[in-house]
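Subject: Structure handover, with notes on its side-chain links

Dear colleague,

Please find below the structure that I am handing over to you.

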Amino acid sequence: MKKNNNAQLICQLSAIAAMMLAGSVHAADAFSADSEWMTGDWGGERTRLIEQGIDIKMDYVGEVGGNLDGGFNDDKTARYSDQFGLGAALDLEKLFGWDNTQAKIQLTNRNGENISNDRIGDPRAGTLSSSQEVYGRGHMVRLTQLWIKHQFFDNKLDIKAGYFGEGEDFNTFPCEFQNLAFCGSQVGNWATNIWYNWPVSQAAIRVKYNFSPEWYAQIGAYNQNPSQLEHGNGFKLSGSGTEGTVLPVELVWLPNPGKLPGEYRVGYYKSTASADDVLEDDNGNNAATSGNAYRSHSSKHGYWFVAQQQLTSHNGDATRGLNIAANATFHDKDTNIVDNYQSLMFVYKGPFDARPKDDMGIGFARIHVNDDVKKNAELVNASNNVSDYNDPLFSPLRDTEYNYELNYGFHVTNWLTVRPNLQYITHPGGVDEVDDALVAGLKIQSVF
């Protein structure tokens, strides 16, 4: 009898093992080209977690930049920077029965160096954009997202609160290029010292109201705390060091003419923190020559426009076709180094039938330095009695930097995209004396 029981148990265990094995065959294997994750579906466990409300997020971005010609230092070399991400998106309705409620936690770790810093730009002025957008905000682990959001009134009202950055919801833009001038929220790149883009988080609240499927408006409040930029403060949750609040407001239109998607944004931001004038003192004189402190303003502001539109499809396939995008930001001339920026990008998705998931893009960007910043540098040089650009004490005069990028994204697998690119930077840092630069880049994006 005991032997029969053992035999039955063995048969039952064998059957269970066979079913598990059969399930794992259908689940995406690690390194499978068809899987959306490099590590696969973990024998189906990953899908089960998602069905239960837990979506694990693991990703990697690596970027290479090499100076082929020109720039401030034409000694040829290459630099590498990268970012690791780990987090989880939580459906709290599935997990705890909380209707229409989601949460997210995200950690990021950035490392490496940037070719723009020591080869392309004059170290006294730097560059305005960056040939490796993933570089920056310290070699450290940061808490980038820790928030919860809930929808009310049949999902018309959406409230999100916790720790996150402005660019997640306002002035949002995809990152299909390697040059910073074409990647992500552009307000954060040019609004000096107030708007912190990924991977920096801030205590924040965002309220959105959906008027219709095509229109919504939103407003936010973000703690402006420069101490969160400091090394070692990646997990700082206290309000010590707070200087003010950034208040963005935005109207978004999502048209779908002919089933070709588009997105149009117009927004305005105001910082309540005090900001120094770029030229004058409290008496209206030039601070560089008066010797007095620069005038302090009670706030600073700016506004933006973003337009994205798919123009064509490929034989009725809306996942393929030509897309156009444009960005423009304008900033307070009293307090901001960059007073305006514009860009135009074209991306063709699925350019070849044999490579239907590849993409190719070209972008053009203009970044203009506030005329008062240039005038202030002229006054500083005059007060120091220097006029030779090669003098170490000379403060370079900045005007306009132009960035161009041509790239091709190889969709190697569903979890790996490799994007070689060429970038051309005219007047790096807006400094006419710096040679135009040609940069070769390579961007690797992977989802684990």
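The notes below cover the disulfide and then the salt bridges.

Please keep in mind that this is a predicted model, in which local features need pLDDT of at least 70 and side-chain atom pairs count only at pLDDT 80 or more, whereas totals for chains, interfaces and linings use all residues. Residues are numbered from 1 along each chain as its sequence is written, and side-chain values use heavy atoms, with hydrogens and water left out.

A disulfide is taken here as a pair of cysteine sulfur atoms within 2.5 Å, and a search of the whole structure turns up 1 of them. The partners are cysteine 175 and cysteine 183, whose sulfur atoms lie 1.6 Å apart, and the link between cysteine 175 and cysteine 183 is left-handed, with -95° about the S-S bond. For accessibility, buried means under 20% relative accessible area, exposed means over 50%, and partly exposed lies in between (1.4 Å probe, protein chains only). Cysteine 175 counts as partly exposed because its relative accessibility is 24%, whereas cysteine 183, at 6%, is buried.

Turning to charged pairs, a salt bridge is counted where a side-chain nitrogen of Lys or Arg is within 4 Å of a carboxyl oxygen of Asp or Glu, and by this rule the count comes to 19.

One of these joins glutamate 133 to lysine 443, with an N to O distance of 3.2 Å. This pair links distant parts of the chain, 310 residues apart, since glutamate 133 sits in the loop between α4 (115–120) and β4 (141–152) while lysine 443 belongs to strand β18 (residues 435–447); helices (H or I, at least four residues) and strands (E, at least two) are DSSP runs, numbered from the N terminus. Glutamate 133 is buried, with a relative accessible area of 12%, and lysine 443 is buried as well, at 1%.

Another salt bridge brings together the side chains of lysine 160 and aspartate 169, at 3.0 Å from N to O. Lysine 160 counts as buried at 4% relative accessibility, and aspartate 169 is likewise buried, with a value of 12%. Both residues belong to a network of salt bridges that links Asp158, Lys160, Glu168, Asp169 and Arg206.

Finally, aspartate 118 and arginine 119 meet through their side chains in a salt bridge of 3.8 Å, N to O. Here aspartate 118 is partly exposed, with a relative accessible area of 29%, whereas arginine 119 is buried, at 12%.

With kind regards
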